[in-house]
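Here is a short briefing for a first look at this model. Start with the sequence and the structure below, then read the points by topic.

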Amino acid sequence: MLVGLGTGSTAYWAIKKIGQRVREGLQITAVASSNASEQLAGEENIPLVPLSEVTEIDIYIDGADEVDLQFNLIKGGGGAHLREKILASNSRQFIVIVDQSKYVKKLGKFPLPVEITPFGFNLTLKKLRELPCEVNLRMKDGAHYISDNGNLIADCSFGVIEDPVKLNMEIHAIAGVVETGIFPNDMVSQVIVGYEDGTIQLLK
Ligand code: A5P
């Protein structure tokens, strides 16, 4: 089985657990959605294959920043949503793991991450603001945050997002936009919600 490895603090634990299962004899290969997850998988001795050798992924496991009642997602809090979306949309199954605080009625409290090219970024930010939304260019250590793909991230606050699929298309129509953090529910196979009391709920 070919397993896609997500990115972030939730995926971290999934990768650690998969590493333990591999040491116990589980036979899989994996592809990673970020340099950080690739490094962690390497440390866990999970056999990795380059994405260029992959035509389809059996299962992709990742966290999310928000999940709405229809299972649309916001992802990209860690800036990895471009690679995550490529893996998720090429996987037979996409399993999302969140804690209860991220399971919301409607998306939008978490600012939507949008990956944009460095070329002409001020013009792209202007177009995003006209949608309209409040835009913050993501910073790290006093400089622009740079994704694994060499791009910038604009965090966009729209307020409540009534129609995530429509908004995803509107943002994609702006030149300079590489990918949005909206993952429409047709990509999602199952959502696992973890609660403070240790119980879990399997949805969809
Ligand atoms: C990485 O860019 C993101 O899409 C993460 O998958 C998402 O932000 C969830 O991260 P945590 O598990 O760290 O909350």
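**Aromatic residues**

Trp-13 counts as exposed, because its relative accessibility is 59% (exposed means over 50% relative accessible area, buried under 20%, partly exposed in between, with a 1.4 Å probe and protein chains only). This is a predicted model, in which local features need pLDDT of at least 70, side-chain atom pairs count only at pLDDT 80 or more, and totals for chains, interfaces and linings use all residues. Residues are numbered from 1 along each chain as its sequence is written, and side-chain values use heavy atoms, with hydrogens and water left out.

- Tyr-12 counts as partly exposed because its relative accessibility is 34%.
- The model holds three aromatic pairs (rings of Phe, Tyr and Trp, the last by its six-membered ring, with centres within 6.5 Å; planes under 30 degrees apart are stacked, over 60 edge-to-face, the rest tilted).
- Tyr-12 and Trp-13 make an edge-to-face pair, with 5.0 Å centre to centre and 90 degrees between the planes.
- Tyr-60 and Phe-94 make a tilted pair, with 5.2 Å centre to centre and 40 degrees between the planes.
- Tyr-60 sits in strand β3 (residues 57–62) and Phe-94 in strand β6 (residues 91–99), so this pair ties together parts that are 34 residues apart in sequence.
- Helices (H or I, at least four residues) and strands (E, at least two) are DSSP runs, numbered from the N terminus.
- Tyr-60 and Phe-94 are both buried.

**Around the ligand**

- The ligand is surrounded by 17 residues, and the closest are Ser-9, Thr-10, Asp-65, Lys-75 and Lys-102 (a residue is near if one of its heavy atoms lies within 4 Å).
- This shell divides into two nonpolar, ten polar and five charged residues.
- In that count, Ala, Val, Leu, Ile, Met, Phe, Trp, Tyr, Cys and Pro are nonpolar, Asp, Glu, Lys and Arg are charged, and the others, Gly among them, are polar.
- Thr-10 places a polar side-chain atom 2.5 Å from an oxygen atom of the ligand.
- Asp-65 has a side-chain N or O atom 2.6 Å from a ligand oxygen atom.
- Gly-77 has a polar backbone atom 3.3 Å from an oxygen atom of the ligand.
- Taken alone, the ligand exposes 380 Å², and the protein buries 90% of that (Shrake-Rupley method, 1.4 Å probe; for residues, only the protein chains shown count as cover).
- Two or more shell residues come from each of α1 (9–23) and α3 (81–88).

**Helix α3**

- Six of the eight residues of α3 are buried, and the helix is mostly covered.
- The buried ones are His-81, Leu-82, Glu-84, Lys-85, Leu-87 and Ala-88.

- Thr-180 belongs to strand β12 (residues 177–180).
- Thr-180 counts as buried because its relative accessibility is 0%.
- Beyond four places in sequence, Thr-180 touches residues including His-81, Lys-85, Val-114 and His-172 (contact means heavy atoms within 4.5 Å).
- A polar side-chain atom of Thr-180 lies 3.0 Å from the backbone nitrogen of Ile-182.
- His-172 is in helix α5 (residues 164–172).
- His-172 counts as partly exposed because its relative accessibility is 33%.
- The side chains of His-172 and Glu-179 make a polar contact at 2.7 Å (a pair of N or O atoms within 3.5 Å; within protein, one must be able to donate a hydrogen and the other to accept it, and residues adjacent in sequence count only if both atoms are side-chain atoms).
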